[in-house]
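I opened this notebook to keep track of what I looked up in one structure, entry by entry. The sequence and the model come first, and my notes come after them.

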Amino acid sequence: LVLAVLSPLAGTPAPLWSLAFFFVFLQLFTAATIFGIGQIYELGVESKEDCCLGGLALGDEQTEAEDFARAAQDNDLVDDAQIEVEFIRVRGRKSGAGLVALIYFLNPYCILTCVGLSTLVVDHLFLASAILAAMQGKQRTVGQSMAVAILLSPYALTLLPPVCLLLERSHRQHSLA
């Protein structure tokens, strides 16, 4: 709807409407990619929080037995752990990834980029897909996405070291699992 309202103001001729809708589709796909990045990030944060609740270790049975024996003597520790478990359950129901993707998609700068038929939409798509692939540990996809992003915009070269570090971290996490 925003595209239909703002496109005549920008002077977009009628034959370019199909191209404008293609750019909106790319923008939606980028928002979906950002949503995927947010979900992977939230899962990583929750898994880190699940390993230790209120000073009680989870996962290793021997450590759990020792911690629960210690917790039986300290009622405050048990209460703190129960509060944290409830906090994580409530936090797990609400997803911030959808909100971030929605904010990105409804950003006026992104809307005007679609109306202006700028290739920045394509650049954002390849950068977001490179970050998503790095979080998933897909080396080939990271290389291809970063290559196209750097080809479209040289400033993407500055994001190469952080993406490589993210890829290395996800590769290390997958090898430990």
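The entries below go from the overall layout to single residues.

**Entry 1: ground rules.** I noted at the start that this is a predicted model, in which local features need pLDDT of at least 70, side-chain atom pairs count only at pLDDT 80 or more, and totals for chains, interfaces and linings use all residues. Residues are numbered from 1 along each chain as its sequence is written, and side-chain values use heavy atoms, with hydrogens and water left out.

**Entry 2: layout.** I looked up the elements and found 9 helices and 2 strands in the protein; helices (H or I, at least four residues) and strands (E, at least two) are DSSP runs, numbered from the N terminus. Read from the N terminus on, their order is α-α-β-β-α-α-α-α-α-α-α. Of the 177 residues in the protein, 31% are buried, where buried means under 20% relative accessible area, exposed over 50%, and partly exposed in between, with a 1.4 Å probe and protein chains only. I also looked up contacts, meaning heavy atoms within 4.5 Å: of those with a separation of 6 or more, 66% join residues 24 or more positions apart.

**Entry 3: confidence.** Where is confidence lowest, and where is it highest? I found the lowest mean, 46, in strand β2 (residues 56-57), and the highest, 94, in α8; pLDDT is the predictor's confidence in each residue, from 0 to 100. The protein averages a pLDDT of 75, and 61% of the residues score at least 70. I marked two stretches to read with care: over residues 53-57 pLDDT stays under 50, and the model has 21 contacts beyond four places in sequence for them, while over residues 81-93 pLDDT also stays under 50, with 13 such contacts.

**Entry 4: the cores.** I then searched for nonpolar cores, each a set of buried Ala, Val, Leu, Ile, Met, Phe, Trp, Tyr and Cys residues joined through side-chain atoms within 4.5 Å. The largest has 20 residues, and among those with the most contacts inside it are I37, Y104, L127 and V163. At least two residues of this core come from each of α2 (17-50), α5 (96-105), α7 (120-136), α8 (139-152) and α9 (160-176), and α7 gives the largest share, 7 residues. A second, separate core of 7 residues includes L26, C114, L117 and V121.

**Entry 5: Y104 and A31.** Leaving out residues up to four places away in sequence, Y104 touches Q27, T30, A31, I34, C110 and H124. I followed A31, which sits in helix α2 and is buried at a relative accessible area of 7%. Beyond its neighbours within four places, A31 is in contact with A101, Y104 and F105. A31 and F105 are 74 residues apart along the chain, yet their C-alpha atoms are separated by 6.0 Å.

**Entry 6: S145.** Is S145 buried or exposed? S145, in helix α8, has a relative accessible area of 7%, so I wrote it down as buried. Its side chain makes a polar contact with the side chain of S129 at 3.2 Å; a polar contact is a pair of N or O atoms within 3.5 Å, where, within protein, one must be able to donate a hydrogen and the other to accept it, and residues adjacent in sequence count only if both atoms are side-chain atoms.

**Entry 7: a charged pair.** Side chains of opposite charge can pair when their charged atoms come close. I counted 1 salt bridge, defined as a side-chain nitrogen of Lys or Arg within 4 Å of a carboxyl oxygen of Asp or Glu, and it joins the side chains of R172 and E168 (3.1 Å, N to O). These residues are 4 apart in helix α9, so about one helical turn separates them. R172 is partly exposed at 43% relative accessibility, and E168 is partly exposed at 41%.

Entry 8: Last, I noted L117, in the loop between α6 (108-115) and α7, which has a positive phi of about 55 degrees although it is not a glycine.
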